[in-house]
Amino acid sequence: MAAGAPAPRRERLVAVVGWPQRTNVALVAAWRELGLPAALLAPEEARSVLEAGDVAVGRFDVLPTLNGVEPGLEVLDELEGRGVRVLNRAPALLGAHDKLQTARLLARAGVPHPRTRHHPPDSRRLELGPPVVVKPRFGSWGADVFRCRTREEIEQVLAEVASRPWYVEHGALLQELVPPVGFDLRLIVAAGTVVGAIERVPERGEWRTNVSLGAARRPVEPGEEARALAVAAAAAIGADLVGVDLLPVDGGYVVLELNGAVEFTGAYDLASLAGGVYESAARALGLLHAARPLTSAGARRCPPGPVGPPPPRPRAA
């Protein structure tokens, strides 16, 4: 190379930026099999490695303590400022994980969602009467989610969680109870396209549908109404890759939650899409440019993998 000539541009990197959650690891492995130069980078690694023209897929989850989001979220803004293409920008992840913000964004977009009220830690007034669900403002895995049928049960639950870090910092959410119907529907939305879905059936005696609490999964091909609602919910928070939980109600659906670091496996593969959910997500996100259409036949599918409570993650200082 001649003296003074610019160094050749290295291959564009596709980085999942976050911590070693199962799906983050699986996404990188699947995308590497497709020929993508993919890597899982912690926030500080992403800050030092990624350059203009690279892609960063933000996949920060809720802290195990349920009092916020995993550290490093601000790195996504910095990467975007230097010309990295950021998918799942910081505001979108906060819009998914902060359930109060979720409720406000969905309401603004006219997306059906249970009535939700914030209960500050020092408040004695209940802004929403029973039946309600009491839950953390930042929550996941069904942890510390309580169904309350009376005012007395609400007060008992609030007393029970009063010393927990998430309640001390953020208070709780009171959310209108949507009557359980024995299953819910989780859809994976990538860039406005539904690329995966599953039905979740709670364990006997349990009303929550979290797989971490023993719920079973069964294949599903969601209808157009469910797909359209999931896409609208993802658009309302500005998410590029997100899980959307729907519950059937009154002949339609209501959006229960969104998850910006949703865990999913090959069990979410759709029969209508070739290649499996990981490949379909890569195509929808524009990471595979010279590729066959999503509906082509005979493509490799992702094997189902384990789903459950996440491995230990770093906690905020």
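The protein's secondary structure amounts to nine helices and 13 strands, where helices (H or I, at least four residues) and strands (E, at least two) are DSSP runs numbered from the N terminus. This is a predicted model, in which local features need pLDDT of at least 70 and side-chain atom pairs count only at pLDDT 80 or more, while totals for chains, interfaces and linings use all residues. Residues are numbered from 1 along each chain as its sequence is written, and side-chain values use heavy atoms, with hydrogens and water left out.

**Overall figures**

- Of the 317 residues of the protein, 51% count as buried; buried means under 20% relative accessible area, exposed means over 50%, and partly exposed is in between (1.4 Å probe, protein chains only).
- Taking contacts between residues at least 6 apart in sequence, 68% join residues at least 24 apart; contact means heavy atoms within 4.5 Å.

**The parallel sheet**

- Four strands make an open sheet in the order β2-β1-β3-β4, with parallel pairing; two strands pair if DSSP finds at least two bridges between them.
- At the edges are β2 (38–41) and β4 (85–87), each of which pairs on one side only.
- Neighbouring strands of this sheet are turned by 25° against each other on average, direction ignored. Axes are lines fitted to C-alpha atoms, for helices over the stretch in contact, and angles run from 0 to 180 degrees between N-to-C directions.
- Strand β3 (residues 55–59) is joined to β4 by three bridges, and the two run parallel.
- A56 stands opposite V86 in β4.
- Helix α1 (residues 22–33) packs on the sheet and touches β1 (14–18), β2 and β3. The direction of α1 makes about 160° with that of β2.
- Helix α3 (residues 74–81) lies across β1, β3 and β4, and runs at about 145° to β4.

**The antiparallel sheet**

- Another four strands form an open sheet in the order β5-β8-β6-β7, and here the pairing is antiparallel.
- The edge strands are β5 (116–119) and β7 (146–148), each pairing on one side only.
- From one strand to the next, the twist averages 25°.
- Three bridges link strand β6 (residues 132–136) with β7, and these strands run antiparallel.
- V133 stands opposite R147 in β7.
- Helix α6 (residues 151–160) packs on this sheet, touching β5, β6, β7 and β8 (172–176). Its direction makes about 150° with that of β7.

**The α4/α5 pair**

- Helix α4 (residues 90–97) packs with helix α5 (residues 99–109) at an angle of about 100°, their axes being 5 Å apart.
- The two helices α4 and α5 are therefore roughly perpendicular to each other. Angles under 35 degrees count as roughly parallel, over 145 as roughly antiparallel, 65 to 115 as roughly perpendicular and the rest as oblique.
- On the α4 side the contact involves L94, G95, A96 and H97, which meet K99, Q101, T102 and L105 in α5.
- The residues of this contact divide into three nonpolar, four polar and one charged. Ala, Val, Leu, Ile, Met, Phe, Trp, Tyr, Cys and Pro count as nonpolar, Asp, Glu, Lys and Arg as charged, and the others, Gly among them, as polar.

**Backbone points to check in the viewer**

- Most residues other than glycine have a negative phi, and most peptide bonds are trans.
- P130 and P131 are joined by a cis peptide bond, with omega about 0°; P131 is in the loop between β5 and β6.
- N88, a residue other than glycine, has a positive phi near 60°. N88 lies in the loop between β4 and α4 and counts as buried because its relative accessibility is 1%.
- D144, also a residue other than glycine, has a positive phi near 55° and lies in the loop between β6 and β7.

**Single residues**

- T23 lies in helix α1 and counts as buried, at 2% relative accessibility. Leaving aside neighbours within four places in sequence, T23 is in contact with R59, V262, E263, F264 and Y278.
- V49 is in helix α2 (residues 43–49) and is partly exposed, with a relative accessible area of 33%.
- V49 and L13 are 36 residues apart in sequence, and their C-alpha atoms are 9.2 Å apart in space.
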